[in-house]
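Colleague: Please take me through some local features of this model, one at a time.

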Amino acid sequence: MSSGWSANDHKSYSNPPSAAVKRARNDSGNKVTVVLGAQWGDEGKGKVVDLLATESDVVCRCQGGNNAGHTVVVDEKEYDFHLLPSGIISTKCTSFIGNGVVIHLPGLFEEIDKNEKKGLKGWEKRLVISDRAHIGTTKKGIGPTYSCKASRTGLRICDLMADFNEFSTRVKNLVQQYQSMYPALKVDVESELKKLKDYAERIRPLVRDGVYFMYDAIHGPPKKILVEGANAALLDIDFGTYPFVTSSNCTVGGVCTGLGIPPANIGDVYGAVGELLQTRGHEVGVTTGRKRRCGWLDLVILKYAHMINGFTAIALTKLDILDVLDEIKVANLEVLQKVEVEYETFPGWKTDTSAARKWNDLPPKAQNYIRFVENHIGVPIKWVGVGKSRECMIQMF
C-alpha cells in the first residue's frame, strides 16, 4: 500500500521553523443529561423528562420502539408517548429520534394524530429523525426489527428515503425470508409498499443524518441536551433478567450507540425509581395495557442498576401512593436463587402528600423513608414525585 508520499513531498528541515505552535486541545463539547429507568420500567421517567425538558434545547430517544410508553400530564391534559420523545410538548426544544430506535411508521403517525387532538401543536417544526433508524413493516415488530438489524437484513429510514424500487425489492426479499420460516405468514406486500411510499413522503422533511445532527448539537453553541431512555435496567438485553428482557441496551451504554456520541459527552445520569402499587398507582402499562410489575422497593436491584449506569442522582416517583399504608417495606434480596427476602419495615405516614411542593412539606416519617433509601443506594435523591403532573415533583437540590 502506498504511503501517499512522493519525492516531491520531501522537504528539507535543515532550517526548521523557529517555533512550532502547539495545537489547542479541543473542548469535548456540551454534555448530555440522561434519564434512565432503574427497575423494570414504568417508574415515571416521562414525568422526569417532561420536567427537565422545559429547560432543554434538545430531547433525544436513543433506543427501544413503540413498546415504550411514557405518560406526561400538562395543564390537566394527559399525553401518551411511545415513539415521540416526551419533550415534544416543549415548544422551545427539538425532539430527536436516534438511530438506536426502531420505528413503526403507522404507529408514529397514529401517535402524532392522537396527541394533536389533545393539543400538541407545531411538532413538525421540532421533530428530527435519524436516517439510520430501522423500521418495521407489519404490526409493531420491535423484536423482529432488532433481529433483522443484527442479521444485516434490516430496513432503515435512509433506505426508504433512497430509490424506492430498490427498497421495494428489499422488502419483498425480507417477506419471502420470513414466509420461508413461517409458512402460515400472510403479507399483502403491495398494500404495505403503497403505505410505506406514502409514509416516506410524510417523513422525508424530518429526516437528518443523525451523526452530524448530534455532533452539531454537542459542539455548537452551549445547549442543554436531554436523553430519555426507554424501558429500564432490568430489561437490558445484556444486564437484565435474561431472557425476560427487551431487545435493546436500555442502560447508559445504549445512549452512546443509539445516538452516535462519545462517552466523554455523557454528563449527569438520573435513575428513575417508581413506587409501584397497582390499585392506588393505577399501574397499567401505557403501551401494553397489562398490569405492571408491582411490589416493595428492591434495594439490591437499585444498587445493581447503579453499578452499571453510574447514577449521579435518583428521582423517587409516586411517593403519594404510599400515603394510606400502615407499614412501608423495603426489600433487600441478597441472593436471587434462594428467593428469601429480608425486609426493612417503616411506619407509614398516613398523611396526604399530594399537595407537598418542598421537602419540609413532607411528613417526618416520609422523610425518614426517603433518607434510608438514599443512604442505602449511595446516590442522592434529587426529585420526589407526589402526583402525576409536572408541578408534583419536589426538587431536593
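Modeller: This is a predicted model. In it, strand β3 (residues 70–74) and strand β4 (residues 77–81) pair in the antiparallel sense over five bridges.

Colleague: Which residue in the turn of the β3 and β4 hairpin has a positive phi?

Modeller: The hairpin formed by β3 and β4 has two residues between the strands. A positive phi of about 50° is found in the turn, at Asp 75.

Colleague: Which residue in β4 does Thr 71 stand opposite?

Modeller: β3 and β4 are antiparallel partners. Across that pairing, Thr 71 faces a residue of β4, namely Asp 80.

Colleague: How many residues of strand β3 are buried?

Modeller: Buried means under 20% relative accessible area. Strand β3 is mostly covered, and of its five residues the buried ones number four.

Colleague: Which are the edge strands of the open sheet?

Modeller: The open sheet has three strands in the order β6-β8-β9, with mixed pairing. Two of these strands pair on one side only, and they are the edges: β6 (102–103) and β9 (155–156).

Colleague: What is the bridge partner of Ile 135 in β9?

Modeller: Strand β8 (residues 134–135) pairs with β9 in the antiparallel sense over two bridges. In β9, Ile 135 is bridged to Leu 155.

Colleague: Why does Asp 113 count as partly exposed?

Modeller: Asp 113 lies in helix α2 (residues 105–117), and a negative surface patch is formed by Asp 113 with Glu 110, Glu 116 and Glu 124. Partly exposed covers the range between under 20% (buried) and over 50% (exposed). Asp 113 counts as partly exposed because its relative accessibility is 33%.

Terms used
Residues are numbered from 1 along each chain as its sequence is written. This is a predicted model: local features need pLDDT of at least 70, side-chain atom pairs count only at pLDDT 80 or more; totals for chains, interfaces and linings use all residues. Side-chain values use heavy atoms; hydrogens and water are left out. Patches are made of residues with over 30% relative accessible area and no salt bridge: like charges are joined within 9 Å, nonpolar side chains (Val, Leu, Ile, Met, Phe, Trp, Tyr) within 5 Å. Accessible areas come from the Shrake-Rupley method with a 1.4 Å probe; for residues, only the protein chains shown count as cover. A salt bridge is a side-chain nitrogen of Lys or Arg within 4 Å of a carboxyl oxygen of Asp or Glu. Lys and Arg count as positive and Asp and Glu as negative; His and the chain ends are not counted. The place of a charge is taken as NZ of Lys, CZ of Arg, CG of Asp or CD of Glu. Buried means under 20% relative accessible area, exposed over 50%, partly exposed in between (1.4 Å probe, protein chains only). Two strands pair if DSSP finds at least two bridges between them.
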